[in-house]
Amino acid sequence: MNVPRREVMPVRGDGDVVLVRQAVRAWAVAQGLGLVDQTKIVTAASELARNTVEYGGGGTVCLEAVENGARKGLRLTFEDQGPGIPDLALALTDGYTTGKGMGLGLSGSKRLVNEFDIWSEVGKGTRVTVTRWK
Amino acid sequence: MTERTPSARADGVAPLARIIEQHRDELLTEWLAAQGRVGRGAINSSELRRQGGEFLGLLGAAVASGADSVDDRAFTPVRSFLDDLSRARAQQGFSPSETATFVFALKGPLFDHLRRGATDAGALASQVWTATELFDALGLYTTEVHQRGREEVIQRQQRDMLELSTPVVTLWDGVLALPMIGTLDSARTQVVMETLLQRIVDTGADIAIIDITGVPTVDTLTAQHLLKTVTAARLMGAECIISGIRPQIAQTIVHLGVDLGNVTTKASLADAFRLALQRTGRTVARVAAPAAPGAPGLGGRA
Amino acid sequence: MERIPILRMGRLLLVTIQVDMHDRLAMTLQDDLTARISAEGARGVLLDISSLEIVDSFIGRMLSNIAAMARVLDAETVVVGMQPAVAITLVELGLALPGVRTALNVEKGMALLQALTRGDDDAPATGAAEVASAEGDGERPAA
């Protein structure tokens, strides 16, 4: 797999979530994703960015334009050094939330992307990687 | 494969770089001769020469940097070139093997030059091996791209077929009908939603009748897909009615405990249409007796 | 602090969301609208989201909240103009926004609101719309 382009952005506050949405939109367009696919990956990015801010204490997102042969896609990796998620299986169910949200951030994002990967360790942090292919 | 130290590896592609730089024109001519038999003349020789020259230039630059692996960043321009070439050849109707020959045919002339410049058998063997690995990888790469190009065409055609098999009909002002034929899987559901929602926007429809007479079975998954479509339409202000529920389907729905939410369902499309007219404040009334068959004109107006 | 403008048209409040909202702005809109509905005795709210290219769970919750709070204050809410790509994404996300009335566009939304608020003492005025910030001009007595 080829990664011709890569950029890391901070995800620390409200304003950053908006900037991340705009950046992901621009990258999705550049990779040739259709409108519905763009909307899905940007929405997933919004959910995950918000999680990073609210539950992870702030972190970063790495945007990567990926290529698998002729296939183009966009990969996002959200990372924080926050408290971590004690029960991943539970966190990935619809409606589960420890905050004021609707509990759809993780489980919902999973449905919006083609590839979803999550690592989390209590006391260490969380890393979520999602990919949307064209 | 024998273990090689970094310096031995670098030495591995350095001879290639030297040969390409010093004997470029010779190589090009020999290479063109080797692949000249391929292509049934579909690519004219000056175009072939230009492509060959460009490839040699890019390859030369890549190996000059010491990189010996196709995945190396230095090889990106080479891969890029092969992407375009492979795709173009695929579109022109060449087989993957014919396209790969573009790369493989260069091996012969290169090995000739390697042999001429070799100092000993051991060094020559090592260099030939390095070159072989490199060219095999490049050749396989063109095959993969070729394959992917064909897959893209198939996917595009599949999508076109999906769209064609989901016609959205305007039954009346503000009333759309979506006759579904065949199974409703998640890929189809996406197409259905996109098509239906766009038509709702284009026609300003208030009601969409989804007729499932042609859907063989309705299990929990199908019901989920139907509900997704209904919910999406509702988010855009259009109500859905599901019609064409055959008796067996009704039984399955009850037995499986499928929950269709509060979506209105009707057995027949006609019933659904009548309801849709009602909901949009209309009714069908007879204005005149039907004309006898064969009489000129009917005169009735709905 | 930036705010999203709220127009008044008779007994209705009109809001057009045209910016990519950050969470704080969304919360402010929720507060502003609730305050305006209460202060002016508005009977209906029209939320135009036709420019919104992204509706995530936070914005979705905002829309549900606005509709619920308005209802408690005896006002109807209609959300109009959701883009097809947004609707498809919301459904995939698992957000159905129950309790939120929707219409295809402003015209249909207005017709729906008028049908829903028919039979009130005042018919909705169709005179000039006023733009006032949430700081409020406070002259209009609560109904």
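This short talk walks through one predicted model, from a single chain to the contacts between chains.

First, some ground rules. The model is predicted, so local features need pLDDT of at least 70 and side-chain atom pairs count only at pLDDT 80 or more, while totals for chains, interfaces and linings use all residues. Residues are numbered from 1 along each chain as its sequence is written, and chains are lettered from A and ligands numbered from 1 in the order in which they are written.

Let's start with chain A. Chain A has 4 helices and 5 strands. Helices here are DSSP runs of H or I with at least four residues, strands are runs of E with at least two, and both are numbered from the N terminus. From that end, the order in chain A is β-α-α-β-β-α-α-β-β.

How much of chain A is buried? Of its 134 residues, 42% are. Buried means 20 or more other C-beta atoms within 10 Å of the residue's own; exposed means 12 or fewer; partly exposed is in between; the C-beta atoms are placed from the backbone.

Now contacts. Two residues are in contact if their C-beta atoms, placed from the backbone, lie within 7 Å. Take the contacts in chain A between residues at least 6 apart in sequence: 67% of them join residues at least 24 apart.

Zoom in on one residue. Q38(A) sits in helix 2 of chain A, residues 35-54. Why does Q38(A) count as buried? Because Q38(A) has 24 C-beta neighbours inside 10 Å. Beyond four places in sequence, Q38(A) touches R25(A), A28(A), V29(A) and L33(A). Look at A28(A): 10 residues from Q38(A) in sequence, and 5.7 Å away, C-alpha to C-alpha.

Next, a helix pair in chain B. Helix 6 (residues 107-117) and helix 7 (residues 121-164) of chain B have axes that come within 10 Å and cross at roughly 160°. Therefore helix 6 of chain B is roughly antiparallel to helix 7 of chain B. The cut-offs: under 35 degrees is roughly parallel, over 145 roughly antiparallel, 65 to 115 roughly perpendicular, and the rest oblique. Which residues of helix 6 of chain B meet helix 7 of chain B? They are K107(B), L110(B), F111(B), L114(B) and R115(B), facing L124(B), Q127(B), V128(B), A131(B) and F135(B). Nonpolar covers Ala, Val, Leu, Ile, Met, Phe, Trp, Tyr, Cys and Pro; charged covers Asp, Glu, Lys and Arg; the others, Gly among them, are polar.

On to the cores. A nonpolar core is a set of buried Ala, Val, Leu, Ile, Met, Phe, Trp, Tyr and Cys residues joined through C-beta atoms within 7 Å. The largest one has 105 residues, and those with the most contacts inside it include I41(A), I200(B) and A87(C). Setting aside neighbours within four places, A87(C) is in contact with L197(B), A232(B), L235(B), M236(B) and M82(C). A second, separate core has 25 residues, F75(B) and L110(B) among them.

Last, chain C and its partners. Against chain B, chain C gives 13 residues and chain B gives 15. Helix 3 of chain C gives the most on the chain C side, 5 residues. That side has 11 nonpolar, 1 polar and 1 charged residues.

Against chain A, 18 residues of chain C are in contact with 23 of chain A. Helix 3 of chain C again gives the most to the chain C side, with 6 residues. This side has 7 nonpolar, 4 polar and 7 charged residues.

Note on methods
Axes are lines fitted to C-alpha atoms, for helices over the stretch in contact, and angles run from 0 to 180 degrees between N-to-C directions.
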